[in-house]
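Subject: A structure for you to explore

Hi,

Here is the structure I promised to pass on to you. Have a look around it first, and then read my notes below.

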Amino acid sequence: MRHRWVSVLICAAVSAAATTACGSGGASQSADGKTELTIATFNEFGYEELFKEYEAAHPDVKITQRKTGQGQPHHQNLFTKLGAGSGLADIEGVEEGYLSQVMSKSGQFNDLKEIGPKIEDNRWLQWKTDAITSKDGKLIGYGTDIGPLAMCYRKDLFAQAGLPSDPEGVKALFATWDSYFAAGDQFIAKVPGVAWFDSAAQVYNAMHNQLETGYYDKSDKLVVDTNADIKKDWTAVTAAVAKGQSARLAAFSPEWNTGFKLGKFATKTCPSWMLGVVETQAGPENKGKWAVTDAFPNGGGNWGGSYLTVPKQSKNAKKAAELAAWLTAPEQQVKAFKAKGTFPSQLKALDAPELLEQTNAYFGDVKAGALFATQAKKIKAAQYKGPADGQIQETVFSPALQSVEQGKSSEEAWKAAVEGAQKAAK
Amino acid sequence: MTATLSKVDRGPAQEAGPRPPRRYRLSNLDAKVSPYLFVAPFFVLFGAIGLFPLLYTAYVSLFDWEVGADEPLFIGLENYRTLFEDDQFWNALFNTFSIFLLSSVPQIIVAVVIAALLNANLRARTGWRMGVLLPYVASLVALTIIFGSLFGPQYGLVNDVLGLFGISPIDWQASTFGSHVAIASMVNWRWTGYNALIILAAMQAIPRDVYEAALVDGASALRRFFSITLPMLKPTLIFVIVTSTIGGLQIFTEPKLFEPAGGSGGGSEHQYQTVVLYLYQSAFQGLDLGYASAIAWVLFLVVIGVAVLNFFLTRRAVR
């Protein structure tokens, strides 16, 4: 008894110093001889039933899920424990927005091509896999879900402005960004008090992610100030803001929610998961007013979606990779889609009848599954993301665009954004 | 002291003699070691959660220490040099002091006035006294979210009310001064009542006979307040001022949650980013622990400096 206390104390002291994980930490053989695999996820991956299925098929495996409500604390925890060198789960979920930070630490994750089971070619959309393949060709994670972009718009307000409002008719307006902003001019001239889009950053980020080269070039050199495409997008968006096309509502703020309810903007860049957000925020009183169409300026785009990774800390990396590979197989992802609506990134899953037949009542019974599957296939390539890419987008460019909406001149804000990006990249 | 003396008294004679009985040795040990054992919890706890983090932060601040990076790089005082050339840091320091002044100064003045009112003969006295403490009991996060929505630039209630008086709407997010006023009002809402109760307790400790003597001399109520109440409150005021200095300079939750979309930048151009918020952003968004530690240490020194300054200023005013 006494010995046990001593070992507990030592264990506590040692793990406080963050060198080893004792007993329950990490993965280990549990008392009944089963291999315990931990998997850390956030929001809803829709895996709960799948775990039971896997455990039934693999009696030697026991799965423990560590579920965090929100993405931000989950990733903070991920990076902290990567730094500490211990404490991570065998499988860690990673969201697309944090990908650049994960890829800059790719050495701390297992190459799944090396330790994982053999996986059929073309399981995933090519760009989805490309984004998590390191420069030296290592596959860091298996794709789970994606957020293909379509355009959501207010049918009633479009009709009021004399614009076409049926899903086929509006496609011409959403053909390119030029046609999109031109339609915006037309719209705000006709409907006073309503803006064209919710906020500049929401439009700009989608435009930016379509560029072949983003903030970094492939040799990790920051090219914000020399990449003419970035400046072009910036100018287009800020010009639209100057004309009054922006409702100046920062996304996910309480006022943004109010804006949905009051119908203060007519279009919204809409990844698949945004339909639920629109429904919640606009509420039943606006039912039937919102519509979504399978068109997006300049083709397609993606916002959101995740991967499953196996950190090198894992003591059962091989078995963890097996589980992750199984979870991200098309059959399983279709089940997750049915459970929690996570849109699958697997080619086969995009053709599954369950997905193609899914409809959304709030958006006028549109065949949402088929619509977003079409959009997912329009995405051409994954933009290369440098080490501080996510941070530049989140903490530099989005606030700089907001400052333009608050009255700062486009040129001054651009200068501040370039400086901010250089500071973030240091 | 006694233990040392008795040891000397016994001297070598004792060593030559037979070993003292086991029981005596144990109680001797008890007398020597136990006191340390009794005071140990404080020192162990303080060492573990006070001193160690403090010193370790200083150590980390000497490195280019990125979360998850392979090997921290020793760079000496480089982080501090960068910090002193960093506009964003000076901006954050300015914001911190501005919010601190906008909150602490009115807060303490109003707290004294409220305490004086509560000290009068009121009906349902306890009810009033409990009432001023209510904002302090409310959850800080809930409070901040409600205030954030009141101060919404487009659909906020405050702007609606200002509109009734013909004042054009203020963009509480975009304007530096506006955002500071909004944040300071959250701090004031929460802490004024708390400080008022502390001051009230001190007021009640002032001997009645001093007032009676003044009354006999014909001093007015105002004169009694300024010549008796205020001077005798000074020790308490020192306490209140020093604690609100320490709290005010470390302000974090209010500006963090005032950002509507949940960022840590403190506004689109850092209009209301405070030092602690900048520290948080550097550590958990920039993942630059070395730099964040340097910010922490500079803030620590600033807080000590200002607290000491306030202490001497207020103490001097007593005499």
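Two residues are in contact if their C-beta atoms, placed from the backbone, lie within 7 Å.

**Where the chains meet**

Chain A puts 22 residues into the contact, and chain B puts in 21 residues. On the side of chain A that touches chain B, the elements giving two or more residues are helix H3 (71-84), helix H11 (254-262) and helix H18 (389-405) of chain A. What kinds of residue make up that side of chain A? There are seven nonpolar, 13 polar and two charged residues.

**A strand in chain A**

Next, find strand S4 of chain A, which spans residues 141-154. Is this strand mostly covered or mostly open? It is mostly covered, with 14 of its 14 residues buried.

- With strand S7 (residues 302-309) of chain A, S4(A) runs antiparallel and is joined by five bridges. Pro148(A) has Asn302(A) as its bridge partner in S7(A).
- With strand S5 (residues 267-271) of chain A, the pairing is antiparallel over five bridges. Here Ala150(A) is partnered by Cys270(A) in S5(A).
- With strand S6 (residues 290-293) of chain A, S4(A) is joined by four bridges, again antiparallel. Met151(A) has its bridge partner in S6(A), namely Thr293(A).

**Chain B as a whole**

Chain B holds 13 helices and two strands. Its C-alpha atoms fill a box of roughly 100 × 75 × 35 Å along the principal axes. A compact globule of 319 residues would have a radius of gyration near 20 Å, whereas chain B comes to 27 Å. Of its 319 residues, 31% count as buried. If you take the contacts in chain B between residues at least 6 apart in sequence, 68% of them join residues at least 24 apart.

An unreviewed UniProt entry annotates residues 93-310 of chain B as "domain: ABC transmembrane type-1". That span is 75% helix and 0% strand, and its end C-alpha atoms lie 18 Å apart.

Trp297(B) sits in helix H13 (residues 289-318) of chain B. Ala202(B) is 95 residues away from Trp297(B) along the chain, and their C-alpha atoms are separated by 35 Å.

**Where to be careful**

Chain B has an average pLDDT of 88, and 92% of the residues score at least 70. Over residues 1-8 of chain B, however, the pLDDT is below 50, and this stretch has two contacts in the model beyond near neighbours in sequence. Residues 10-14 of chain B also stay under 50, and the model gives them zero contacts beyond four places in sequence. Where pLDDT is low, the predicted coordinates should not be read in detail.

Enjoy exploring, and write back with any questions.

Best wishes

Terms used: Residues numbered from 1 in each chain as written. Chains lettered and ligands numbered in written order. Predicted model: local features only at pLDDT ≥ 70, side-chain atom pairs only at ≥ 80, totals over all residues. pLDDT = per-residue confidence, 0-100. Buried ≥ 20, exposed ≤ 12 C-beta atoms within 10 Å, placed from the backbone. Pairing = 2+ DSSP bridges. Nonpolar A, V, L, I, M, F, W, Y, C, P; charged D, E, K, R; others polar. UniProt positions renumbered as here; feature names shortened; annotations may be inferred. Rg over C-alpha atoms; globule rule 2.2 N^0.38 Å.
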